[in-house]
Amino acid sequence: MSYLRLEKAVMTNLQESLRRELLRTNRSGAYSSSTLVDCNTRKYHGLLVVPVPELDDENHVLLSSLDCTVIQHGAEFNLGLHKYQGNNFSPNGHKYIREFDASLVPTTTYRVGGVILKKEVIFQHYEDRILIRYTLVEAHSATTLRFRPFLAFRSVRQFTHENMTASREYHEIDGGIKTCMYAGYPDLYMQFSKKNEFVFHPDWYRGVEYPKEQERGYASNEDLYVPGYFEMPIKKGESIVFAGSTSQIKSSSLKKLFDEEVADRIPRDNFYHCLVTAAHQFHNRQPNDDRYLLAGYPWFKARARDTFIALPGLTLAIGEVDYFEMVMKTSEKALREFMDDKPISGKIYEIEQPDVPLWAIWAIQQYAKEVGRDKCFEMYGKLIQDIVKYVLDGKHPNLRLDDNGLLYSNGRNKAVTWMNSTANGRPVVPRSGYIVEFNALWYNALKFSASMAADKADAKGAEELETLAATVKKSFVDTFVNEYGYLLDYVDGNMMDWSVRPNMIFAVALDYSPLSQDQMKSVVDICTRELLTPKGLRSLSPKSGGYNPIYVGPQTQRDYAYHQGTAWPWLGGFYMEACLKLYKRSRLSFIERQLVGYEDEMDYHAIGTISELFDGNPPFHGRGAMSFAMNVAEILRTLKLIDKYSYQK
C-alpha cells in the first residue's frame, strides 16, 4: 500500500481534503501549491507562482488553476473546484475523485461514469514550468478534454479584480498560446503535447474566495481572468502533457521531459524519504549560482538565523555535504560583508541579528562531526576565528561583551531573537540583556574554537579562549540558574524573566554546556513536564503568565500567541538531542515514540512536510506556513542521532 495514499472518502469530504495542502517547488524560488482537490484556499496558492525580480522581491501568481472538463456524448463533467462568496463551491469536481496518491508524483484519479482519468503534476527542476500529464485510463466512447486556465498575474500579497487595464491579447505558439495581462510581467506560455484548438472566450470569474485568508483576518476574495479554453480529443491509453511556463518549449518534447522529471524524484515511501523530499524543496539556486535555503513556504525568504539552524539537518543529516558547502559559501560571503560593514550583496535577510554569527559557528561544528576536524579547519577555521574576534572586539552593533564574559543584547524596542513577533511596533516578548540561548551559544562557540586552536598547536590562542570560557561558565550559572531548577529566559539589570520557556534547552543540547550534569537533568525534566508536546516544545509553559497556545484569528491576535505557548518541532529536535546526550540509549525508545507525532503530519496539513508551528494544546493543529525549514531539518538531524546512538555500545 502506498505511504501517501488517500481514498475517495477523504478526498470527497471537503472538511478533510481542504485542510490538506500540496507543495511543489523548482529549487529556484518558484512553486506550485493548492489543496489536494485543487481548490485554492490561500492567496498564496497557485498552479504557477514565480518570482518576478523586475517588479519586486515577491512571488507572483501567474496561473491560478487549470480546470479540466471531460466531454462525452455532448455531456460535460468539470473536474475543477473553486470556492465563491457565500460558502458556494463550484463546479464540485471533487466528487469525481476516486483516489489520491503522492508517493512519487502527486496523482489524482477521477472517475466519471465509464471514464477513468489520471492526472499527475510535477514542477520542473530549476525552470519556472509546471507540468501536468493527463492519461485516459478507461473510456468506452469518444472523449474530449477541455482546459480552462484561470489567470491572476498578481503578487502573492495582493488580489486581482476585474478591470479594463488587463490585456486580452494572446498569440498562438507551438501547442498553445502565450499571453500577458500586465506590463512588467513575463509572458505566460501554455502549451500541450498534442495539437489542440484554443477558443478565445474571455471572461472574469468573480468572487473567488480564500477561506485561509478569512481565518487570518485578511481580505479574502478576488476575480480571476479566463481568456478562453483549449480543447482536444483523447483516446483510451493516451497521455497528454500540459506545460505552464514563463518560457516556450517544443511541444513535442513535453512527454519526454515529464518522464525525465519523474525519474529524478525520490519515492516518498516512508517518513524519512518524505522529509528528504521536503528538505530539497527549500533549496534555492540563483542565476549567479548563489545557493540559499528558504526559511519556509509559501511566504518566507532566506533568513540568516534559519539558514544556519536548518543547514546541518537539511544537508549533513542526509549525506549532502556538498550542498552544505555551497550554502555556507553564499552565507559566509554575506556574513563577512556584514562584519566588514559593507552592503549585503546577496539575498539573505536578517544577517544583522546578534545570534546569527553564533549559530554559524554551531552549524560549522556539525560539519566538523561529519567530515572531520582537519577538513573543517581547512574550510572554515579562518571564519570561526574571525567571528570570535569580531565579537571579542565589540564590533557587532548589538552584542556587548561584558566583564563577566557574558554577551548583552538590547531587545527592548526591537526583537532580536527567534521570538520575533511584534505588535504595535514593539516586541510581544521583549527579550533583552543577557539572553539565555545567546550565552549558551557563546560558551559553546568559545569551547569549540579553543579546541580547534589546540588541534592546530595554537596553545596560546587555545588558553586565552579557555580562560574566557571558564569565566562565561561561572557567570552563566550565577546569572541564569534559579532555585527552582530551570534557567531564567533573560536577565537585564534588575529585570529577570522567570517564564518557563524552551530557550534554556540549548544550554543542555549544545556540545559544550556551562551546566553541571545535575543542572542539565533538571532543565530537561522541567522541559519534559511543562513544555513537551507531540509536536515539539511549547514556547511558554501553561503555568507561566500570558499562556496563549492557539494560533488563530486576526494578525494581532496571532502575534500575541506566536511565542506564548505554541509548539515548535525544531525546538523538539534540540530537546531530543539533550535527552540522548544525557541518557544515551536508555532514551531511544522514548525519542522514537516522540517522532510518531511528526510522522502523523505526513498525510495531514501539507502532505509530506511539517508546518511552521502547532497549537500548544490538543489536538495540536498545524498552523502558519505549510512547510518550515528548521522543523524538517531538526527532525532529520534527530533521525541521524538515533542511528548514531543505536549503534553505540
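## Salt bridges and a surface patch

Arg 42 is buried, with a relative accessible area of 3% (buried means under 20% relative accessible area, exposed over 50%, and partly exposed in between, with a 1.4 Å probe and protein chains only). This is a predicted model, so local features need pLDDT of at least 70 and side-chain atom pairs count only at pLDDT 80 or more, while totals for chains, interfaces and linings use all residues. Residues are numbered from 1 along each chain as its sequence is written, and side-chain values use heavy atoms, leaving out hydrogens and water.

What does Arg 42 meet in a salt bridge? Its partner is the side chain of Glu 21, at 2.7 Å from N to O; a salt bridge here is a side-chain nitrogen of Lys or Arg within 4 Å of a carboxyl oxygen of Asp or Glu. Glu 21 lies in strand β2 (residues 21-25) and Arg 42 in the loop between β3 (31-35) and β4 (46-51), so the pair ties together parts that are 21 residues apart in sequence. Helices (H or I, at least four residues) and strands (E, at least two) are DSSP runs, numbered from the N terminus. Glu 21 is buried as well, with a relative accessible area of 3%.

Glu 238 forms a salt bridge with Lys 194, and their closest N and O atoms are 3.1 Å apart. Because Glu 238 sits in the loop between β18 (221-234) and β19 (239-245), and Lys 194 in the loop between β16 (188-192) and β17 (197-209), this pair ties together parts 44 residues apart in sequence. Glu 238 counts as buried at 18% relative accessibility, whereas Lys 194 is partly exposed at 21%.

Another pair is Lys 456 and Asp 374, whose side chains meet in a salt bridge at 3.4 Å, N to O. This one links distant parts of the chain, 82 residues apart: Lys 456 is in the loop between α10 (436-455) and α11, and Asp 374 in helix α9 (residues 373-392). Lys 456 is partly exposed, at 37%, and Asp 374 is exposed, at 58%.

Salt bridges also link Glu 332, Arg 336, Lys 382 and Asp 386 in a network. By this rule the count comes to 43 salt bridges.

Finally, look at the surface. Tyr 484, Met 496 and Trp 498 form a nonpolar patch there, with about 340 Å² of accessible area together. Patches are made of residues with over 30% relative accessible area and no salt bridge, joining like charges within 9 Å and nonpolar side chains (Val, Leu, Ile, Met, Phe, Trp, Tyr) within 5 Å. Accessible areas come from the Shrake-Rupley method with a 1.4 Å probe; for residues, only the protein chains shown count as cover. Tyr 484 is found in the loop between α11 (459-480) and β28 (490-492), and counts as exposed at 57% relative accessibility.
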